[in-house]
Each structure stands twice: as C-alpha cells, then as structure tokens.
Amino acid sequence: MDLLKTPSIQSLFDSDLESVESLQYVDIEELDEVEYALPASEAPTLAEVLSAEEANVDESESLKQFKEPSTCSALQMDFLQAISQQLIQAQERSSAGAATALSVGSNGRCTVGTAHGHLLSFYEQTLRWVCDANGDCGAVSCLSYNQDSSRLLVGYARGLVYQYESIRGMILRRVTLGGETWGTLRVAWAGTSGLALDTGGSVWLMKFSRPLGVRSARVSCLFSGARGEVVAMTARDARILALATLSRVIIVAGGRAAGVRLDGPPDTLPVLEWCEVDSRLLVCARANLMQWLTVTINGSTINLRPVQRVELKATPLWLGWLGGSLAIFDSQENLRLWGDDYDKPLDLSQIEPVYSSAFFKGLWTDGRVSQAMCKAGESALGGACVAEGALSLLGRRGILRVRPRDLIARAQAFIASGRYLQALRLLCSTQGSQAQNLANDFVANLIDRPNILSNKNVAVQAIRLCLKYNLSEELYSSLWESCASERAFVEALGDAAVRGELSDSPPSPDFTQALIERLADFEPDLVERVVASLPLTSLDPHRASVFTREKGLWRGVGAIAAALDGCSGGMRELVAHVAARCAGGAACACAGGALLLAAADALAGRGAGGRALPDHARPSARHDALHTLLDESSNNKSPLRVLVQHDTSAAIRLLEQSSRDPPFAGPLGKQNRLRVARALLSFTSDMEESERRIEVLEFITGQLSSGALPLDPEVIRGVEELAARTEGERSDRAWLALLQRLRARDGPRPPPPAARPRLRWRLHALLDRHDHAVEDFFQIDHPSSADLDEFFEYFRSRLETDDATKGRLISHLPALIELRPRAVATIVSDHFVDSIPSILRSLKPDVTLEFGDRLLEMGRLRGDTAAIYLRHLCESRPSDVKSFLQRNVGTIRPEDALDIVREKGPAEAVPICLEATGDHAGALDAILRIISSESDDERRSRSISEACDLCVRVGPTVPPAAAADMWTKLLRGIGEIPPSLLFEAVSYLPVEELLQRSCNSTKVARRILEGGASGRSAWRSAARVCEREAHEALARALAAAGRGLAVRGRCVRCGGRLARGAARTTHCARAVHAACEAPGTCAVCGQRAAEAALQLGALPAPRAPPPPEPGRLLLVAPPRPDLEGVV
C-alpha cells in the first residue's frame, strides 16, 4: 500500500469495500482536508451516549477530573480533547489497539503508536495520515521526531525500526537491529543519525545515507548487552551519548567510554537527562536518589565527577526540562518541578498514564529478555515527550499537555491566597509593564498592611522588588514611615545596605540616620557595616559620629572616621577611646576591639567595614596603615602600642597573620618587620605582666629563628634583656631559640651570665660539657614534660656512646626516678643493674612501688630488689602482698619473704611464705590461727577452704604420718571437714572418726554418698572411654598395616582363652568364641548384638588367560587419483 494515499479511519467507516479497494489505483497527491480530516470536536460518540443513557451518568463527570488542581500551581494542564477522542475511536472501531507510544514534534506535529502496530499522525490536533501496514511487526514500542520534525523513527516490539517522512507518512528506510531476536525499547536521534536500544540491552547506531539516490542505513553496535544491559539512554549531541545500565552510568564519546557506579533496588529503572541550562551536567536518578554529574571531555579523557546528590520523596520514572526547570514524574504519578515548587506536585493519575512494561518483558519476542531487565521495567513510563517547552503525556484516557504557567498570573494567584513570599520571588524574576503595575499595587498594599513585613524573608524580597522596579522613593519614604516599627524590615534594610544593593539608589542622610538609630536598638553589630557600606553622600558624619559614640558603637565610630580619612584616620580616631585597664577579648567594652579590626582591615588592604579596595589602591593603603600603626608623633601613643597594651595576644596574632603579605613581604619587607620588632621591644618596658612580655618575646624570636628578621644587634640586645628579666619556661625556650640562631651564624658561644639552669644545661650539652649539663639540669626547680623528654633523649644517646656518663648520672638517679619512675626503670635495668638495690633504698615508698612495678613488668625484679619492694609493699599496700606472692613465685627468696612478712605483716601472707619454705605444718597452724581469730563468716569460710586445699595439695608429697597429723589438726581446728573432701581425708584418718565428726545430719550423709557414687561413676566412665579409644586406635593401626584384628583375653561367655580358635568381637572391645552362643545383649554396655553373621562365599578360581593368536598384517596401497585429481 502506498502510504501517501492511505485513507483516514473515518473515511474507511464511511465507504464500502469496493471504494476502499479502488483507492489503491487513484492518484491522490494530497489529503483532502474536507473529506479525510477529523475536526476537533467535544461531542460524545454514539457509544458514549448509549453507555451514558444506560448508566444514567452525567457526561460532565468524565471531564471534570481534568480541571486545574490549584490556581497557585507552577504548571497548567490542557487536555487534547480532539486527539484523545480520535484515539479512542480508532481503538474501538478499527482495532488499532490501545495507544502505546507518543512523540511530539515542532509546529504542532504529534504521532501516536498503538498496540496493533498502527501509526496515527496529527497536525494541530487534526489527523493527517495513518499507517497500518506493519501490524506483523508487533506493537509500536517507541517513537522519535528529529530536530526539525521532518523525519520520524518508529521502533516495534519485534525488533524492526522504520524511518518515516513525517509530513505524508512515506516509509523511507527499514532497519533490522542484528536480526529479529530482540525487541526495540527506545529510539532517538543523534544529529542526523539514529540510535536504538533493544531488549537485549544493546545500543545500536544507525547512519542514514543516500548514495546514488538510494536510501540506505548502516547499523553498528555501540554497546553490547553482554557487557551490561542498557535500560536508558539520552544523547547530548551527535557525538556524546549517556547510557544507564542496571548498575552504572556510562558516557560514550568518540569511541571512548567512562562510567560511574549507580546503585539501587533491582525493581527500579534509572532515568537520565542532560541539563538544558548547562550541557556539561547530566542528571541521573534511581529509586529515591538523584544526583548531578559533571561530564568533562579533554582530548581522549572523559571525566565524571558528582556535583550534588539529593533524596527525593518518590521514585522518579521520567526526567525532563520545562521552562528551564527540571520536571520529575514519579511513581505516585505526580509531576514535580525541582526547586521551590517541589513540594507542590501536580497529580496526573486521572489521565491513567501509559506504561511500557510489556516491552521490557519481551511479550512480542517470546520472552527473550533477562529477568533483571524484566524486574526493573515493571514501572517504565511509555508516552512522555517534551517539545516547545510543553510536556505531552499519553494516558489511557487521552493526551494531556502540561506547560509552565504564566508568571504574572501565578503571582496574582499567590497574592490573592496570601502567599506573599512566593509572589515576590516571581515578581523579582520577571519584568514588563504588567509586572511593574502589579509591583506598584503590591507595594501600596504593604504600606497599608505593614504587618506583612514581620517575616524577614518577605521583607528581603520586598526591598529587592522596590529596587528592581525603581520604587526607591516609596521604599525610603512611605514604606519606611509605615513599617519602621517592624524589626524584620529594619534588619532587612541593613542587610541590603551591607550587600551593596542600595548603591544604585542611595538613600538620603536623614534616612540613613534614622536607619542606624533603629538598628542600634535591634542589631548594634550591623551599624558599623551599614555605615561602612553606604557612600559618604548618604551620611551625616557629625550626627552619625555623635550617635555612635553615645551608644558605644565603636566600630561605627571607626567606620565613619575611615569614610572621611581612610583606615588610618579610623585608627587614629579610635586610639583615644581605648581603655588601658580593659580586659580585652570578648569582654572588651572599649574601642580596643574596633581598633584591632580596623588595623586588620588596613593591613590587609581593605576599606572600612571590610570592603575591597581597587588593586591599584591596596599597596598605598597598606603602607599608610603601617606608618599609622608605628606613628608616635605629637606626644600620642601609636595604635600598635595601644593594641599591645590592650590585648597583647590579639595584637601578636594580627602581626603574625599580616607578616605573609605586603608591607611585610617584598623588597622592603625585612626593614618593615625590623621596625615593628624595635617598636615592640620598646613597648615591653611598660609591661608589668610577664605573660605579655613572653608573647612579644616568642614572636620576635620566632621571626629571628625563621630568618624573617635580620640579626640586628640592637634587636638581639633587646631580646636578651627582655628574656633575662622574664622568668619561665617559655621565656627560656625563646632565649634558647635566639642563641641557637646566633650559634649557627657565629659558632659556639658560652652561656650568658644571666642564663638560667634550663638554658645553661642545653647550651652545655651543645658544647659537650656533659658534667655541667647534668648538674645544671637538676638545678631546674620544676622541670616540665618537655624538659624531661629532652633530658631522657640526651642521656640515652650519651649512654650508648660514652661510658663515663654512667658515673655522672649515678648520683642523680634517685632524683630522676622521682621525676619519671617508669621511664627510668627501662634505662636502669639495662645500664645500672648492680645499683638498683641501693637506689631503691634511697627512694620514697610511693616512688619505690611505681619503680618496682615497672621492673616487675620487665622481669627484672629479683633478689634484694624484690625484698626491698616487698618491704615497701607491706607498709604501703598490705592488701596486695598476698596476691603479689602468689603471682610471682620465685621472685623473692622464701626465707626473706617470711622474715619481712612476719615483721611488717600482713598475717594472711604468712602461710604462703611458710609453705614456700617447706614448713607445711607451720603453714596449717598459721591458717588455723587466722580462722580462730576471724569474726567475718565470709573470710572464715575462705580461710577454711585454703586450709583444706593445703592439706589436699601437701598430702601426697609428705609421709603418711605427717599427712595424717595435718588432717587431724585440720579436723580438730575447724570441727568438721566439707563433705567433698572426705574421700581425700579417708586415706589418712579413720573412717569412724571422720563420719563421727562430719556426718551429723541426714543431708550431709546423703551428700557424702552422692559424692562417692559420682566419683565411682566418673572413674568407670573414664575406664570405658579409654578402653574404647584404645580398641579403635588398635583397629585403625591394624587396618593401615593390612593385618587382621588380634584378639586376646578370655571369652565373655565361657571364660576360656580366646587365642585357641576363632573369635567374634563386639563393639565395646570384648569378644566371645565363635562356637559359643553369642548373647543377645552386651552385659557391659547394654547394646544389642547382631543376630546374624555375614557368611562370605569362597573366592572363585582365577580364570586362565586365553592362548595368544598369531597376528596377520595386511599392507594395502592407497588409491591413485586420475588426471583431474579425483580419487
């Protein structure tokens, strides 16, 4: 059929069969608009009228659900009634099937594909052509117009792709994607070429050409589904393509590819879309996660970098751009615009959107699709297309077109509903005469209703609106007069002044004065920034300066002075208002903090209030700032002196931060730093607090050590004098840093006469005067951790290289151990082993114990050292003596331990020492004495247990008489023996006496009998286990050796020897004669024996091998080929 002459569906209904067949031979160049076009009509069809009559339903109910949900929505809907009605008629009357795919082009073109392979193309909602010739290709799965809407790509569910001429519906090309195995999921244009995605996850490139007037298409595979199934794709241009598999996002460009990970649930599809505003950004989403990726292509390199990641409220099914905003259609069938209107979705469920899930399941290709793609494509959206700034959505009830609403109309709706913030934002983003009129009316409404500006966000947008539409006069006069009492409005005006938004329309001095007076009540910190940000023509300097001084707004005072005479003038103005006795810091109530801030801005080359100066003005501003800081002319203190006296730490931090930039860097940088150092040294004579002098000292010595300051003799002399009269560790270390810097230049120098011990020992160590170094170190009053670390590092290195160091340190070891006992223990145990006892005798008890604990951990606590440690332990921690002796057997001689414990105590440790010396009877007597003197039941029972354990432990090792004597003493001392130990004592004492003393109740007798029975049972069980294990081990050994089981012993049945004949073994290592009648149940273990024995037959005689036969060898020549080479 020639598709140029295809009749419309309506004409087919109105004609008979002969006229339809005759149409094939009639030359029709153009469609007759009158005959074939179906005009837009809102009248119901006959079927709808009949169904409405039967159901008695009002026909308006089917259309009322397409009304706008809210007048304030950013989107508006238009239901394409004409196209929707014709689609329903085609489905019901011509078996075209349900609509499955949609594509919208420019200039009002629209094409819809159906489930039976039909194509219906419309222009301005009027049917232009129909194609039903490809019904055998399956359903239309995808459509795509090119850029100028002159060509249309159509993909079918059975894998074919057709190219149509979109105006008349002529088939131009028929393309097969690697056979008809897979269906087509997506088609798209990339310049003049086509792209296709099949159900196998492969992406195909179709290059169209027309050599010699013949249309052709060359197909190549860009990405194979064997590497990962692609489920979504979008092309940025003719050479850059974005793909999404079930786990990654891949960018293909110029034969290269790069990807990033994109995880998500297996039942959700990823969606992709290139950014309309910036072509380098790619938006991708899956499940509830959406992220922006930056795609950068440099030569042969593709870089993907995540920019932003956000969490969505629902799973997105489609992404697109509407009016410059990202539109998201989610699984709840809501359309959302990303941004401020994201929380105001547009519900599109009433259109019943069409989904393409059937194509992902491969229903037209016998299910040839993976389970993963089938699972993920359960909610794939079918008909959604953006063209000319509008979204067309295909639904079961028709086509719905969604476009952004007009901003002016939205703003009016927002104002009417009281949503002023949204209205102001919209008005600030548009322009025109209508917006100007609406802005004028809104400002007039604000003047009448000032309470609207109580919200600061609304106030900020209202000020921006006035400045945008040149309503500054209304802002500074009428609006200020009516809304000056609103704090949010006043603060918003101050913020606008600070941001520089009032620079194009500067206010009058009277308005500025009124503004800063109101800000002084609400936000005093904002006054200075407002004054510094406004031009001088908007200020009354005298009134503003007087007001800020009265209110104590010193930053404002400095800003006004800086506006008149630069930052140098601001510093000179603030110097007179700094209090010498102010606490400084955050509690500063004078102008000191403002002076520090002004100095920081001036040295950084900034203007008043931190405003940036032009590049050409910064060097001179920094030079003037340094000159002003150091200026002490006209009998006034310099700002630097005032800063140092007010807050020395803050002033030093300012100088440290400024030392990296001009005027302290560059050709004159060292000279300027030298001027500052000399000035600081001259200020220290007036400082009484040592902490302030140390701050200055550390700053200058740090500059000298790093080379930032030259080694000027005057500065060095001043630093040494300052260090000499300032005591403390920080001062000594700063002085040492200076001397090391001088030593690097001039060589070794002896310690200065005024040097303190901390400084002298370090210098003597550098000069290899080790005797003096050690002596000087121990003269330090309170050495710090840093001092100890340095000294330990020093004498460790000396012990390894110089044997004479031991003699120097031996007399100072007690003092060193008192400073750091555990650290010295390691060194002493390696180098001073023989001197440890004498050292311990000279230490304090607590130091001795800490030192001994370290030696004990190292395993070096032995002999006399352990005895000294035990003596101090008995005096200081008697409760730990017993556990020490039990855990560290052999550390100390038992005799020495016994003497010490008897002398110092405690008594509970005496039995342990007596047992260690071999006096078991004495140990038992000591325990019994403890038992008799103990009143606490818990301790008494613990001592009784120790006595019983001693008897049990000692009994097998001593003569029976001695053991019996010990048990007798125990029995007499405690009155009774625990029932569990009676079977231990029965070997040494008469049973009658034991039972008479211990068995005094029925309960005790039962426990004795139960204990005996359990013991006997345990021994019998152990014997059986041993017998069985031995039998199994013997069986395994004989089986491994290839031998039978050797049975020895006597028959369980008759008592005869088993070696006389055949025997039958049981599983529990017992046996009976084969002739004896085997018992049915084993008398020992109680298990049943086998009733029948296995009778093995005789082995068959081996077969004789057959005699060898003579072999015959036949040699045959191969056949010869003829002249033509045929055999």
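This is a predicted model: local features need pLDDT of at least 70, side-chain atom pairs count only at pLDDT 80 or more; totals for chains, interfaces and linings use all residues.
As for the overall picture, the protein has 44 helices and 30 strands; helices (H or I, at least four residues) and strands (E, at least two) are DSSP runs, numbered from the N terminus. Of its 1127 residues, 44% are buried.

Now back to the opening pair. The side chains of Arg758 and Asp787 meet in a salt bridge at 2.9 Å, N to O (a side-chain nitrogen of Lys or Arg within 4 Å of a carboxyl oxygen of Asp or Glu). Arg758 sits in helix H27 (residues 757-766) and Asp787 in helix H29 (residues 785-801), so the pair ties together parts that are 29 residues apart in sequence. Both residues also belong to a network of salt bridges, together with Glu729, Asp732, Arg733, Arg756, Arg762 and Glu790.

The count for the protein comes to 47 salt bridges. One of them joins Glu352 and Arg396 at 3.8 Å, N to O. Glu352 is in the loop between strand S25 (346-347) and helix H7 (357-360), and Arg396 is in the loop between strand S27 (390-395) and strand S28 (398-404), so this pair links parts 44 residues apart in sequence. Glu352 counts as partly exposed because its relative accessibility is 27%, whereas Arg396, at 66%, is exposed. Asp896 and Arg893 form another salt bridge, with their closest N and O atoms 2.5 Å apart. Asp896 is partly exposed at 22%, and so is Arg893 at 46%.

Arg622, in helix H20 (residues 618-630), is another story. This residue is buried yet has no salt bridge, and the nearest side chain of opposite charge, Asp661, is 5.0 Å away. (Lys and Arg count as positive and Asp and Glu as negative; His and the chain ends are not counted.) What does the side chain of Arg622 reach? It gets to the backbone oxygen of Ala604, at 3.1 Å. Leaving aside residues up to four places away in sequence, Arg622 touches Ala602, Leu603, Ala604, Gly605, Pro662 and Pro663, contact meaning heavy atoms within 4.5 Å.

Finally, there is helix H12 (residues 456-468). Its 13 residues reach 18 Å from first C-alpha to last, close to the 18 Å expected at 1.5 Å a residue; the expected span is 1.5 Å times one less than the number of residues. The buried residues of H12 include Val458, Ile463 and Leu467. Those buried residues pack against helix H10 (420-428), helix H11 (433-448), helix H13 (472-483) and helix H14 (487-498). At the start of H12, a side-chain oxygen of Asn455 comes to within 3.1 Å of the backbone nitrogen of Asn457. H12 is followed by Asn470, which has a positive phi, near 55 degrees.

Note on methods:
Residues are numbered from 1 along each chain as its sequence is written. Side-chain values use heavy atoms; hydrogens and water are left out. Buried means under 20% relative accessible area, exposed over 50%, partly exposed in between (1.4 Å probe, protein chains only). Lys and Arg count as positive and Asp and Glu as negative; His and the chain ends are not counted. A polar contact is a pair of N or O atoms within 3.5 Å; within protein, one must be able to donate a hydrogen and the other to accept it, and residues adjacent in sequence count only if both atoms are side-chain atoms.
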